[in-house]
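These are my notebook entries on one protein chain. I record below what I looked up, entry by entry.

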Amino acid sequence: MLRRMCIFLASLVLAAASALISASTAGAATMRTANWSGYVAVGTYNLLQATWVQPAVSCASGSQYSSVWVGLDGYNSSTVEQIGTEADCSNGTPVYYAWYQFYPDQRHTFSHPVQPGDELTGFAHYNAFLKSYDMGILDYTGSWSEHPSGVASGSPPSSAEVIVGLPPCDSGCIQPLADFGTVSVQEALVQAAPLAAANPSEIVMVTGTGQNKDTVSALSNGTDFSATWVRAG
């Protein structure tokens, strides 16, 4: 899998090497939110990448939502640049697709099919010289890739995150979490180094009464973790 990651990293490492890198101030504390789980590193990072296996959702009735994505910003800023995949239940029927967003712009979906079990890599990159972002997603199993780009709308990124959770909701709503089983995230890298080197904080989703919506494992090898669904919300 490391060989595959070079497809993305080879063209970006030189840019990352010249970027300003600051140590994370988030520490190793566990944070609890209504819509994010995974890991976030706070600092001026300009390159993030992770690989995951698309989960299969279990749908009974109604509509629930879940997503896996990588992104820059969003933790302590009003903008976020993110790309990932969706695994939802639409009136009891599983729905899968890939998407990207340069928030506050709306999300955009890709037309390529995404299937449970697909192995994907996503990355987000900030070009400090051009003050622009480029992102990418590659579905190894489906043999397709996309590379959206956009102009930065504010300051350089202030965080980098790898998230398993609820997709963005423009109205700020908290949607029911789809039963995604367990999601395996591998080889999460920040500035082309293991995510653990950025001293990230763990994030777990909880309900309004403090019950876990999912559980998140510790980082293994500095780059790998899993999230397991517990309840819809």
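Is Y100 buried or exposed? I found that Y100 is buried, with a relative accessible area of 18%. Here buried means under 20% relative accessible area, exposed means over 50%, and partly exposed lies in between (1.4 Å probe, protein chains only).

**Basis of the entries.** The model is predicted, and I took local features only at pLDDT of at least 70 and side-chain atom pairs only at pLDDT 80 or more, while totals for chains, interfaces and linings use all residues. Residues are numbered from 1 along each chain as its sequence is written, and side-chain values use heavy atoms, with hydrogens and water left out.

**Entry on the whole chain.** I noted 2 helices and 17 strands in the protein chain. Helices (H or I, at least four residues) and strands (E, at least two) are DSSP runs, numbered from the N terminus. Of the 233 residues, 50% count as buried. The accessible surface comes to about 9700 Å², and 54% of this belongs to carbon and sulfur atoms; the areas come from the Shrake-Rupley method with a 1.4 Å probe, and for residues only the protein chains shown count as cover. I also looked up contacts (heavy atoms within 4.5 Å). Among those between residues at least 6 apart in sequence, 68% join residues at least 24 apart.

**Entry on the sheet.** I traced an open sheet of 8 strands with mixed pairing, in the order β1-β15-β2-β12-β4-β5-β6-β7. Two strands pair if DSSP finds at least two bridges between them. The edge strands, β1 (30-33) and β7 (108-109), each pair on one side only.

**Entry on β2.** Which strands does β2 pair with in the antiparallel sense? I found 3 bridges from β2 (residues 38-42) to β15 (residues 201-205), and these two strands run antiparallel. Within β15, I203 is the bridge partner of G38, and S201 is that of V40. With β12 (residues 159-165), β2 pairs in the antiparallel sense over 5 bridges; there, V162 is the bridge partner of Y39. I then checked the cover of β2 and found 5 of its 5 residues buried. Both faces are covered, with G38, V40 and V42 buried on one side and Y39 and A41 buried on the other.

**Entry on aromatic rings.** A pair of aromatic rings is described by the distance of the centres and the angle of the planes. Rings of Phe, Tyr and Trp (its six-membered ring) pair if their centres lie within 6.5 Å; planes under 30 degrees apart count as stacked, over 60 as edge-to-face and the rest as tilted. By this rule I counted 6 aromatic pairs. One of them is W36 with W69, edge-to-face at 5.2 Å centre to centre and 75 degrees between the planes. This pair links distant parts of the chain: W36 is in the loop between β1 and β2, and W69 is in β4 (residues 67-73), 33 residues apart. Both W36 and W69 are buried. Why is the pair of Y100 and F102 edge-to-face? Their ring centres are 5.9 Å apart and their planes stand at 75 degrees, so the pair is edge-to-face. F102 is buried, with a relative accessible area of 15%. Y100, F102, F110 and W144 form one aromatic cluster.

**Entry on W99 and S67.** I noted that R107 lies over the face of W99, at 4.7 Å from the ring centre. A charge sits over a ring if NZ of Lys or CZ of Arg is within 6 Å of the ring centre and within 35 degrees of the ring normal. S67 is in strand β4 and is buried, with a relative accessible area of 3%. Leaving aside its neighbours within four places in sequence, S67 is in contact with residues including T85, I163, G165 and P167.

**Entry on the backbone.** Which residues does a cis peptide bond join? I found Y103 and P104 joined in this way, with omega of about 20 degrees. P104 lies in the loop between β6 (93-103) and β7. K131 has a positive phi of about 55 degrees although it is not a glycine; K131 lies in the loop between β8 (119-127) and β9 (132-139). S143, likewise not a glycine, has a positive phi of about 60 degrees. S143 is in the loop between β9 and β10 (144-146) and is exposed, with a relative accessible area of 65%.
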